[in-house]
Amino acid sequence: MAFRELMYREALREAIDEEMARSPEVFIIGEGIAERGGSYKVTEGLLAKYGPKRVRDTPIAEAGMIGVGVGAAIAGARPIVEILYVDFAMLGMDMIVNQAAKFRLMTGGEGRVPFVLRTQGGAGGGVAAQHSQSLEALFYHIPGLRVVMPSSPADAKGLLKYALRQSDPVMFLEHKHLYMTKGLVPDGEHIVEFGKADIKRPGKDVTLIAWSNMVPTALAAAEELAAQGIEAEVLDPRTLVPLDKAMILASVSKTKRAVIVQEANRRGGVASDICSIIQEELFYDLDAPIEIVAGLDIPIPFNLTLEKASVPQKSDVVAAARRALHQDPLGLAAQ
Amino acid sequence: MAQSILCPQVGQDLTEAKVVALHVKLGDMVKKGAIVAEVESEKASFEVEAFATGTVIALPYKVGDTATVLEPLVVLGTADEAKAAASAPAAAPKAMGAAAAAPSKASKVNAPRASERASDGVLRSSPLARRIASEAGIELATLAGTGPKGAVVLRDVESVIANGHANSQAAQNANGKGGLAIKSLKNGSGHPIVFIHGFGSDLSSWRPFVALLSIGNPMIGIDLPGHGGSVGATAKDFDQLVADVAASLLAAGHHRVHLVGHSLGAGVSAALTKIAGIDVRSLTLLAPAGLGARIDGDFVHGFLSATSESALARWMQQLVHTPKALPAAFVRATLSAREGGDLAAKQRQLANAVFEGSTQLFSVVDALHHYSGPCRVVVGRRDSVIPADHVENLPGHVAVHRLEAVGHLPQVEATELVSRLVAETVRAAG
């Protein structure tokens, strides 16, 4: 298979472009996405190619945009609504939680909502408490929503294409730090089904489960652990709903130890839920308590130093993996 | 610095004792030797003596409570610490009206308890270690845990399996093929320190000593044939005794160890250095047997023949230079261990195998000539069981400590110094 190196944002653009070309039902709306090409340049060039009816700028009115998207999806279109920051999606929570997520069940399966909300979250830009959150747990909690968190350009493309072909509401959560990252993307039709995790690095000693921007962090930690003689396996669920339990359980059965890394604050997070699934299924295969490395339970600070201190870093992951292996912390081990 | 008076081990393998009396209250000044409390087990009650002078700064238990053996019963400190403790509401609700002290001081008072958490006697293990051990038929209690709080984790079980756990099943059964009882005395990490008791004692006699030993290695005890949990085992001579100890240690996965032995156990420890497959990292020998020919045969005979507490006490006082140094609990524990069994007969059998009258039938001097690791010998100049001058037979590379006003039990009569020497010997091995 041939590959090309693309940036995460270019891979997303390819997905939208290919699906818009393939299906006239696909359209995209959002703030500054048409003439400006989007704040993260994901939709650059699409206005010229598909015209203002299918690539449409909106006012700063998230509740209205999300309402339009959900309504259009119910009516049979395949809308993509781009929300600048996931924090702003809170304005449309009624449409997402009470309408989009419920419609299929309440219509006995006759009505479907093929609605894709594309947005980005995460800390790392010094953009403070209202522009830095990782809110996947809110959507994860609501039955009826799909929650997708790609960590690489190839996954971003493949998952977005799949999102635009299936028929349930999708929270497609990108990360502001990942747009400029590069990776190999397979040529031709590249689709990644939901519910299929991916082993980003194989290993036998401990499983690091991470998604979105924590995947690069976990991979860097695995690299450092390798130098210490510990072979960490990095598993990216890619979609939190549906969750690939089978692959998670298979990996942890093999390594006997799990470290779950989430950027979101710990309380009530997805990591806690994955942790409960693992312990329930694999209690007698675990050689150590499951470790969770998560953000602090505080609003993300504006100050860059404090911001960094409030979300997981590579060293936190390394330390947790060593704990899971009952090995001394690095400082002691070096002596 | 705060010192804890521990709830005594009131009988072999008892883990709890009821507090029936506390003779001190918070803030009391206590003199060394004073009786501070009384505890009782199902079999007997014991008076608890203060081993040091100080002010009572914490009383973790009330009269009527069930105390955990070898946990602090009374904590002594300085007058300052008493004030700090009084101002810390959790430690002493009835403040003595002292001015508030820095919280860090108050937390220091609690520190000894936290550091002893690993030695709380709770057997911890990971679910996986538990499952694998159970599948392999390995008794978890026989393993030294290297995980957090001394938990047995996968690597501990794997190392036993790798060392051929077929034998460890025999080791569980004291009547099996030379298998002897091995128990964890304290959890920790690193190479284990194996404590080998002297004639007539058992591994539980090490517990008070081990509780005070401030090094992080796991500590385990082994019961010699005819003693403690190995009462069903016998040895026909000294060589078999050593071979059985070696086989039991290896079967439990202890192939790299520090050894601390007392008297006959010290002789065994020294002889273990010649056994292939056991890597003795360091050797601390307390009042060792096997350095010379003589032993007080009358003592051995009298000790084994005594059936009353007063008679046994008379003989056991021969073990120490200062009769008061011998805790009454020692005598009662020895007597209660003999109750309703053939322990004394089994020990007589072993005595006949290694001693003949007042003669020791074995020597470990040659073994010590060849041993190249750190080795210390500690003897009391007033030892009336084995003459202290036997150390004159030792090679030059062995460090010898001759303690004044100490008899055959240096670990009891000079606990602090001996624990320091054990720690130094272990550390010297690197």
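**Notebook: backbone and burial**

I started in chain B, where Ser263(B) sits in the loop between β12 (256-262) and α8 (264-272). The model is predicted, so local features need pLDDT of at least 70 and side-chain atom pairs count only at pLDDT 80 or more, while totals for chains, interfaces and linings use all residues. Residues are numbered from 1 along each chain as its sequence is written, and chains are lettered from A and ligands numbered from 1 in the order in which they are written.

I looked up the phi of Ser263(B) and found a positive value near 55 degrees, in a residue other than glycine. Is Ser263(B) buried or exposed? Ser263(B) is buried, because 26 other C-beta atoms lie within 10 Å. The cut-offs are 20 or more other C-beta atoms within 10 Å of a residue's own for buried, 12 or fewer for exposed, and partly exposed in between, with C-beta atoms placed from the backbone.

I then went to helix α4 of chain B (residues 154-162), which holds Val160(B). Val160(B) has 24 other C-beta atoms within 10 Å and is therefore buried.

For chain B as a whole I noted 15 helices and 17 strands. The chain has 430 residues, and 51% of them are buried. I also looked at contacts, which are pairs of residues whose C-beta atoms, placed from the backbone, lie within 7 Å. Of the chain B contacts between residues at least 6 apart in sequence, 67% join residues at least 24 apart.

In chain A I looked for a cis peptide bond and found one joining Val241(A) and Pro242(A), with omega about -5 degrees. Pro242(A) lies in the loop between β12 (239-241) and α8 (245-255) of chain A.

Lys256(A) is in the loop between α8 and β13 (258-265) of chain A. Its phi is positive, near 70 degrees, and the residue is not glycine. Lys256(A) counts as buried because it has 24 C-beta neighbours inside 10 Å.

Last, I noted the totals for chain A: twelve helices and 14 strands. Buried residues come to 51% of its 335. Among chain A contacts with a separation of 6 or more, 78% are between residues 24 or more positions apart.

Key: Helices (H or I, at least four residues) and strands (E, at least two) are DSSP runs, numbered from the N terminus. Two residues are in contact if their C-beta atoms, placed from the backbone, lie within 7 Å.
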